[in-house]
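Welcome to a short tour. Please have your viewer open and your selection tool ready.

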Amino acid sequence: AALRYTVSAVLGRLLSDDVYLRAASFPDPAHRSTRLQAQASQLYVILYFSPSTLRDDERAMREVVDRYFNDNWVISYYMGTAVDLRSEWSSYPAASAALNNTLAPSNVIRQEAENARLLDLCLADLGRYLQEGVLTDQYVLDNTSDILNCVRRCNVGIRWRVMHRKATGDKLRSAIVGEGKVTEGRVVEALLLASQLEMKVKAIFKRLLDAKVEKWNSCKEQARSRMQELSEYFTGEKALTRVERDEGLMTWFGGMAAEIDSLSIEDDKATVTGRKIQHCVQALEDVEQFDVIDTNLSIKAFLKDTRSELLQMIRSVNIKSSVLTTLETCADFSYAWEVMLDYVPVLHSRVRSDPGTVVLLRALFLKLASILDVPIIRIMQCGSPDALSVAEYYSNELVGFVRKVMAVIPVSVFKILTNIVLIKEKRLKPLPIRLEVDLTKDYAQADERYELAKLTHQVSIFTEGILAMEKTLLGVIQVEPRAILEDGLRSELVRQMATAMNGVLKWNFGDGASPAAVQDGIVKSLTALMNRVNGYRLAIEYIQDYCDLAGLKMWQAELARITGYFTEQESNRYLQKKIYDGQSRYQSRAIPIPRFEPVDQANNFMGRTVSALLRMTDASATIYSPECGGWFLPNGTEVCGISTISLLRKSIGIPGLVGLYKLLSFRIVNELQTFLKFYATTVKPYAVLMEQVRDTLYPTFKNPPDPARLYAAATKKTEKLMLPTLICLRRVGQCQLLLKLIASEVHFRSKLDANLMHNSLANLSASVVNDVRAHYRDPSKPQPQESNPLLTNLSSLLVTCGMDDPFAKVYITTDPLEGLPVLLLLFLCSYAGKFRYDSDFGTLVRSKSTYPLDGWPVSAGMSTLLRQFHPSYTSSVLAYIGQFVRTTVQGVLSEVGGKLSSLPKEVVNAVVFASMLAEATRVGREELFEHVPQFLVETVCKLDSTKQ
C-alpha cells in the first residue's frame, strides 16, 4: 500500500507540475513537449511501477499522452536511450489506446510537415545570423530575444526529427524518412549550423559578462563627466567660452550628472536602473529643444555621445547570466548520445564533399558535451567521491566519438595523397639540372601540375580547418585538435601499412616448390611491398609541411609499432604466458593496430616472412657459403643473401628486421628446448653406452685400442639418435646464419644512418663490459645490479643497431648433459662420410643430393648448442674430433705400409668441420691445434689451394 501511494504521489506531481522549471527556457506553448521532456522520460520509467495504470486506467493514460506525448512518441531516457512508445506500450491496452490519436496517420503526416517547415525556417535564420560580421556584441545584445527564439526553434525541430527517425513500423517510418522527406544531410546541416550559432552566442555573452562591470563603469563615468563638463560650460567662466551664464541649465546638467552617478548595476535593481536610464535619455533629447543648445553643434554632439553611452549602459544591464542558462537548457543534446552514431556516416560524407565543414565540428562536439551533465550532476550534488572517475569515463567516451567523426579527415587526406604520389612518381618528368628552352614546354606539363596543385589545395583545406579549431574541454579532458589530427593520420597510416603488409606478404608455396621458385615469389612480393611502403612514406613526408607535423618521425614510430606488435603476437607461439591485445605495449585505443585472421600456421605476416626465409634457405636443398654470405643452389644460383635482406629492410624497415631477429631467436630457443626434452627421454637410455665410450677414449691425447671398431660399433648402436640430432642442429644453425646475415645488414645501416648513436653504443658497451670484468677480478668494484635496467636496455639497443653476435649468445640455461660431447662425436662419425669439401663454395656440402644436410648450418647449430654449456664441452668435442682424425690417419697408414698418397675423405671432412666449428665458437687457431694436428689442417688447406 505504501509503495502504491508513493508511486501515485510521484505520478500526480509529474502530471501537474513543471518540476524542472523550464517554462522560462521554452515559453512557447508549441514547445511544451520539449519543455517537459525530462519529466516525460521519468514518467515513462515510473509508470512501469504502476502496471495497472498502463493496462486499465484509460483516463490517466489519456491525460499523460495529452500532456506529454501529443506530438511525439519516440523519447529518450537515461543517457540517450531511445524508446518507441508504440512498441513499448503495445501490450498495455489503456496506454496503447491513448496513443492512437498521436499515431494517427493524418497526425503523423501533419507533424512531419510542420517539422519540415520549421527546419526550413531555422536554416534560413541560421544562414542570416551566421553571415560574416553579423554577430557583433551590439547586435547580439539588441536581438537577444530573437536569437534565443531561433535557438529554441532549431533544437525543437532537430530533436523531433532525430528522435522520430528511430520510429518503428514501416508506415510510420515511411511518413518520416520516406521519399521527398527531410534528408539526413539536411538534419546534419541544421545541427552543425545551430551548434555554431550557440557556440558563438555563448562566447559573446561570456565575454560580455566578464567585462560587464568594467564596461558599465566606463560608460557611466564617460556620461557623468560629459554632463559635469556641460554644467561647468554654462557657468560662463570657462576659458574661450562665449556663452552667458545660465543657472537653470547649469543646475540641470549638474543634477543629470548626479543622477547618472547614482545608477547601480546590481541585478536586483536592474529593472529600476533601466527605467531611470530611459528617462535620462528622453530628458537629454528634450533638452536639445532649448535655443541655446539647438544652435550649438558642439553641445548637441556632447549630448548625442552621452545618450550613446547611456544606451550602452542599458545593454550592459541586460547582460544577465540567465541568458546563458537558457542557452544551455535549449541546447541540451544529451538525448542523442546513442542516436548520433547513426549520423557519423552522414558527417563523413559531408566532410568529404565540403572540407570547410571541419570548422563546424568543434561546435557540434561542444554541444554533445552536455551529455556529461546527466550522470555527473546528481553524483556531485550528493558529494560522491566517484564524480571524477565517472566524469573521466564519459569524457573518454565522448573523445572516442570525436575521434570516430574526425577519422574521415586522415582517410580523405591519404586518399588525396595517394593520387599526389602517383602524379609525382608516374606522370611528372624529373627536371634536369639544365633545361634547354626548346624543351620547356615538354617539361612544363601544365595539366599534371594543375591537378597536383588542386589536390594539394584540398589537403590544405582539410588541415587548415582542423588546425583552426581551438583547444576544447570535453568534460574533464582537454582535446587538442592538432593532436587529434596527428592521431588520425597515424591511425590511417597504421591501417594502410598493416593492411598492405598483411595482404602482400602471403605465399602459397606447395610442398614440392624449389628454393628458386620460393625465392622468385618472395622477391616479387617484397618488391611490390617496397613500392607501396615507399609511396606511403613519400605521402606522409609530403603532408608534413601542410599539417605542421613531423612526418618522417611519425612514419618511423608507427612502422616500429606495427612490426613490434605483430612480432609480439607471433612470439605468443613460443610463450607459455601469452601477451594479449590489452597487455600489449604497442596496441593503442586511439591509434589501433588492426588484427588479421591467421594464414597457415603463422599468426601474421611476420611469422609468414620467417617461414618463407626458412623455406628459401632450406639446408636440405641449398648450400651456405660463408665467403659469399648467402645461400646458393648447387649450380651456383643465389637464393638468399645480402640483396634479399636489403630488400626486406626496404619493405619492412629496420624495426621489421629486428622483429625477424627476435622471432628467429625464439625459434632457436624452442629448438634447443626440444633437444633437451629429446635428450632427457630418448638419449638417456644410452647413458651407459656413452659412459663406456667416454672411458675408452680417455685420455684424448692417446689413441684408444682398435678405434675403427669402437667408432663403428658405437655409431651403429646410436643410429636412431642421429637423425633427430641432425634436424635440431640443422634448424638451429640455419636460424643462426640468418641472424648473422640480418645483424650484418642492420649493423651496416646503423653505421651509415646513425653513426653517432652507433659509436656511442659501442663505447658504452665496452665500458660496461670492462666494469663487469673488473668486478669479477675485484669484487669490491661496483657492477650493475639485477634491478638496474641498464643491461636489459643496452642489450635491446645493441640488437636494434646490429651490434649483437648471435653465435656468442646463451639462449637457455640448463643443467649439464652427461655424454653430450660423445654424442656429438658419434654424430660427426655418422655423417662425416656424407659430406664433401667444395672449394668453390669454401665449405662442406652434401655428397649426394638426397642427403638432407649442409656443412655450415650443422656446424653453426653444434656451436650454438655447445655455447649453452660450459666451455669445457667445446674443448671436449674438439679433442674427440682431433683424436678421431689422428686414429683414422694412423689406421690408414698402418694398412698401406706408411705410404699415404691422399688423406681419407672422413679425415678431410672432420678437419674442415673442426675448423668451421672453431670459427663459429670463436676458438682460436692455437687452441684448435692443441687437439687437431696443425700439419693436417695445413695439408687440407694445401689440397684445397691445389684444386683451386
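**First stop: the cysteines**

You are looking at a predicted model, in which local features need pLDDT of at least 70 and side-chain atom pairs count only at pLDDT 80 or more, while totals for chains, interfaces and linings use all residues. Residues are numbered from 1 along each chain as its sequence is written, and side-chain values use heavy atoms, with hydrogens and water left out.

How many disulfides does a search of the whole structure find? The search returns zero, a disulfide being a pair of cysteine sulfur atoms within 2.5 Å. Cys 122 is in none, and its nearest cysteine sulfur, in Cys 154, is 3.7 Å away.

Now jump to Cys 628. This residue is partly exposed, with a relative accessible area of 49%. The closest cysteine sulfur belongs to Cys 640 and is 13 Å away, too far for a bond.

**Second stop: a sheet**

Strands here are DSSP runs of E, at least two residues, numbered from the N terminus, and two strands pair if DSSP finds at least two bridges between them.

Finally, zoom in on strand 5 and strand 6 (residues 630–632), an antiparallel pair with three bridges. Pick Ile 623, and you will find Phe 632 of strand 6 opposite.

Note on methods: Buried means under 20% relative accessible area, exposed over 50%, partly exposed in between (1.4 Å probe, protein chains only). Helices (H or I, at least four residues) and strands (E, at least two) are DSSP runs, numbered from the N terminus.
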